[in-house]
Amino acid sequence: MRKTTILFCSLLVMALNIQAQSYKLPDYKSFTLSNGLTVNLMEQHDVPVISVSVILPAGAIYDSSQSGIASLTANALKHGTNNYTKSKLDEALDYVGATISTYSGKEYAGLSSKFATKDQELVLNLIKEILIAPTFDVTEFEKAKARTLVSLTQEKESPRSVIGDYNNKLIYGNHVYSNKINGLESTVSQFTVNDIKSFYKTHYSPNNAAISIVGDFSTKAMKKSISKLFSSWKKGKTSENLASQPVVPYSEAKVLLVNKEDAKETTFYIGGKGISRNNTDYIGIDIVNTLFGGRFTSMLNDELRVNSGLTYGAGSRFNTYRYSGTFYISTFTALETTEQAIDKTLEVLRNLHENGLDEKGLTSAKNYVKGQFPPDYETTGQLAGLLSEMFWFDFDKSFINDFEKNVDAINLKKANEIIKTYFPKDKLQFVLIGKTEAIKDIAKKYGKVINVEIKEEITGEY
Amino acid sequence: MKKIIFPMLLFCMSITFSQIKVDDVKTFTLENGMKFLVVEDFSIPNANMYSFYKVGSRNEHQGITGLSHFFEHMMFNGAKKYGPKLFDQTMEFNGGSNNAYTTENVTVYTDWFPVSALETIFDLESDRIANLSIDPNMVESERGVVLSERRTGLENSPWRSLGEAVQATAFQEHPYHWPVIGYQDDMKHWTQGDLERYFKTYYAPNNCVVVISGAVKTEEVKRLAKKYMEPIPAQPEPPKVFIVEPAQTGERRITVQKDVAAPYMMIGYHTPEAKNDDYYALDILSSILTSGNSSRLYKALVDSQLAIGIFTDYGLSFDPYLFNFYVVSNQEVSTDTVEKTIYDVLDKIKEEGITEKELQKIKNQKLMEFYNQVETIDGKSNNIGTYELFFGDYKKMFDAPANFNKVTIDDVKRVTKKYFTKSNRTVGVLKANVEE
C-alpha cells in the first residue's frame, strides 16, 4: 500500500503489456537519540493504523550456557511494568484492539506492535514501559516457564517443528548460530526470575537498537513524542560480538538419523553451508534458488511432486544471518519411498551443477521475483519490519529501489557461476526424522550416520 | 489502496469502514452467469484474481470423499491450450504465483501477479474452466501428492486426527461427517469418470464468483471477461445438498490415541450457518471467550495454568456447522478439570451475561481486524468474496459494522443459553494412554 504509486497508475493501465512499474521505497526520516537509539519514521496514510518494529541485539546467540534465556526474557517483558501489572497491560491493549508482541530470534530480540492511529499515545507509552521498565513479576515468570517446558516436550511430536534445530547443530557445530532459540528442558527448568533480570540488564539497551514506525501519523509530532518517551532509556555496554567467530567447517558427509517411533513418513533436510545476508550476490542467489527450489515449478518440486507424486512439496532455501547462513533442501515422503525421494533429490542437485540453467528459465525466474516483490512491502507492518532488517543487516533503500535493475543485471554466465560458488555439492549434511528401524540401512548410503532419539534433548554437536 | 473518505471517521464514532466503501466494488455478471466483483486499487503495481467455486466436501458422498480437494489439485494439471505443467510455468514466467484451497463449503483459486500479466491470467483461467483435460497419468501422480498431504498433516499435528474424529461424531448424516482431505481408501479409488462428472457439474461459470483487486480498471476487466469467460457455456445448476443434520439429543464423547505428552481436547457445539441472525452474537461470543490475554477463557485456563493454550473457532459455513473449542491441557492436569472450567465460564455468561466494557472491547477489536483485512489487495478480494458467498451478498461486508454494533449484552447471553447445552455438544480427547 503506497500512496506514491498513485501518480503513475494511469500510465500503468494504459500500458498493460509493459513490465510493471518498479517499486520504490516510500520516503522516511531517520535519526539517532543521544542514547544511541536509532529511530525510523515513515508516514503511510492509507489506513488509520500504525505499526512499530523494535530490534535489539538480544537474541539466542547470547544464551551461553543458559539455552532459552533470551527467548524467555523477551516474552517476560510483557509480564508487567512499573505502572502496569500484566493483567492491566493485557486489558489496556485488548480494549483498543492493539497488539504488542515481544520475541527473541537467533540474533536479535524484537517487539512488534500494531494499533489504530487514535490510540497512539496509549500504545507508544506501553511500548516504552515494556522496553524500559519491565518488572519481571515472579509469578508470571514461573507460569511462562512452565508453559515453555510443556511446549518443549510437545514440539517433539512434530518433525517439522524441530528439524531446523537439528540442522543448525549439524552445520554450525558449537558456533552460537547453533543455539536453539526456545531452549532446552534441562536449562529452562533451572531458570529463576533473577536470571532473566540479569539477561535483560546486560542485553537490553538503546545503543545498537532501532525503533521503526510506519503508518498514519505526522513525522514532526512523532519525532517529538518518541524523543520524549525514549530519551530516558540509559545507554548500556555493547555486547561482545560472538556471531562473527568463524564457523568450523564440517569435514565429511553426515547423516543425523532421528528416530521417531510412530513416524509414518520421513521428514528430511539435505544441505550445507550457506551465505550471510550481506553477500553481494544475494539477489542472484535468490534468483537461482527460485529456479532450484523456491517456487512451484522449481526443479525440486517438479521432480519430487509433479513428476513422481512422492511428496506434497519440496523446496530449498538459504537461511541468512549477519555473518553466516545455511542452505537446505527440505521435503518429506512416506517411509517406504524414503530412498527413492532422497536419491531423486540428489539427482536434481547434481543436474543443477552439471547442466546449469538456460536462458528461458532464467528469464522466468527474474520475472517471477520482480512480479512477487511489491506485495512483500504493502502493509505498515511489512514496511516497519523492512526498516528493522535494513538497520540490522546494514543495507539501505537501494536494495528496494534498485531491485529490478539488479535482477535484470543477472545474466546466464553469472547465474551459472553462482551455482558453482554457492550451492553445496559434496560433503552434504542430512537430517532424517523417521522410523530408524525402517530407514537405517538407507541412511548409511549417504554418509556417516549419527543416531539420536527425537525424545532426547537436542544438545549434541553432531 | 485508494485514499478516500477519511473525514467519515469524524462523524462515526462507532465502527466504520473508512477505507473502502460499497461503491468501490464494481460488479457485473456475464451472460453465462459468471459474476465479477472488481476493486480498483493502485497502491502497488500488482493485482489478484480470486475464483470462488461453490463446491466443497459437503457436495461429496461416501465413495468419493476428498474428491473436491483432489479436483482442486487436478485444476493445475493441464487443459486444452495450456497442457500439463504449462499453467504454472506460464503464470510464473509472467511474474505471477498462485495457490488454491478447499473447505467443506468452497474451493477457491488465487492468482497474484504484476498487473502486466492480467490478460495472461484470464487466458489461463478460462482455458482450464472451459477445457480441463484429465490425463490419467497425472491423476496417478497427483494421487500420491494428496496422500502425502494427508500423511504429513497427521504426522505433524495432533489436531488433524482429533478434528476428524470430533467432526465425524458431531455429524452423523450431513456430509460434514467426513474430512475435506477424504478417507484414505476413497483417495486411492477415485475414477476418471468421477473426476469428469465433477468437472461438468461444478466447474461451470454460473457456479463461480470471481473477485479481482489491484491496479486494474474495471472496464478492462470487463473486456477481458467478455473475451475469455463469456464463451464458456453455463451448466444446469448443481444438485442441492438437501441433508439436514438431525438435532443432537445427547452429549457425544470420543477418544483418540496418539503418543503425546499432554492431552489435546476439542469441544464442538452445533451452531447455525453464516446467514443466520445469530451469527454476529456468536462471533462476538467467540472473541469474548478467547480473543487476547484478557479474554475469559484465557484467564480461566491459561493464566490459571490448567492449560497451555485455548482458542475457539466459529467459522463460516453454508449449512449449520460447529462452534469449536480447542485446548491443550497442562501436564498433570486432568482433562475433566479443564472441561469443567470451560462449562463454568459458559454458565457464568448464561447467568450473568457479559459486561458493557467487554462488548465494547470486542467491537474495538473488530475494527482493527477490518483494517488488517483491507490493508492489502489480497485481504480485499478474500473478504469481498467471502461475504458474497457465505452471506449471499458482498454488500453485507459493509453492513457488518452495523450488525456487530446491534449485538447487545442480552443477545450474547441468549445465544450462549440457546446453543451451549450439554446435549448439543461433542467432546473429543486425544491422549497417549487411552486404557486407563
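Me: How many residues does the contact take from chain A and from chain B?
Reply: This is a predicted model, in which local features need pLDDT of at least 70 and side-chain atom pairs count only at pLDDT 80 or more, while totals for chains, interfaces and linings use all residues. Residues are numbered from 1 along each chain as its sequence is written, and chains are lettered from A and ligands numbered from 1 in the order in which they are written. Two residues are in contact if their C-beta atoms, placed from the backbone, lie within 7 Å. On that basis, the contact takes 63 residues from chain B and, from chain A, 66 residues.

Me: Which element gives the most to the side of chain A that touches chain B?
Reply: Helices (H or I, at least four residues) and strands (E, at least two) are DSSP runs, numbered from the N terminus. The elements that give two or more residues to this side of chain A include H1 (9-14), H5 (138-154), H6 (159-172) and strand E10 (325-334). With 7 residues, the one that gives the most is H5(A).

Me: How many residues of the side of chain A that touches chain B are charged?
Reply: Ala, Val, Leu, Ile, Met, Phe, Trp, Tyr, Cys and Pro count as nonpolar, Asp, Glu, Lys and Arg as charged, and the others, Gly among them, as polar. This side of chain A has 28 nonpolar and 21 polar residues, and its charged residues number 17.

Me: How many of the 14 residues of H6(A) are buried?
Reply: A residue is buried if 20 or more other C-beta atoms lie within 10 Å of its own, exposed if 12 or fewer, and partly exposed in between, with C-beta atoms placed from the backbone. Among the buried residues of H6(A) are A:Pro159, A:Tyr166 and A:Leu170. The helix is largely enclosed by the rest of the structure, because its buried residues number 10.

Me: Which helix of chain B do the buried residues of H6(A) pack against?
Reply: In chain A, these residues pack against strands E7 (254-259), E8 (265-273), E10 and E11 (429-434). In chain B, their partner is helix H5 (136-156).

Me: Which helix gives the most to the side of domain 1 of chain B that touches domain 2 of chain B?
Reply: Chain B is divided into domain 1 (31-228) and domain 2 (252-431), with bounds from an automatic or database domain assignment. Their centres, taken over C-alpha atoms, are separated by 28 Å. The contact takes 29 residues from domain 1 and 28 residues from domain 2 of chain B. On the domain 1 side, the helix that gives the most, with 9 residues, is H6(B).

Me: What is the radius of gyration of chain B?
Reply: The C-alpha atoms of chain B fill a box of roughly 60 × 60 × 35 Å along the principal axes, and buried residues make up 49% of its 436 residues. The radius of gyration is taken over C-alpha atoms, and the globule rule is 2.2 Å times the number of residues to the power 0.38. A compact globule with 436 residues would have a value near 22 Å, which agrees with that of chain B, 23 Å.
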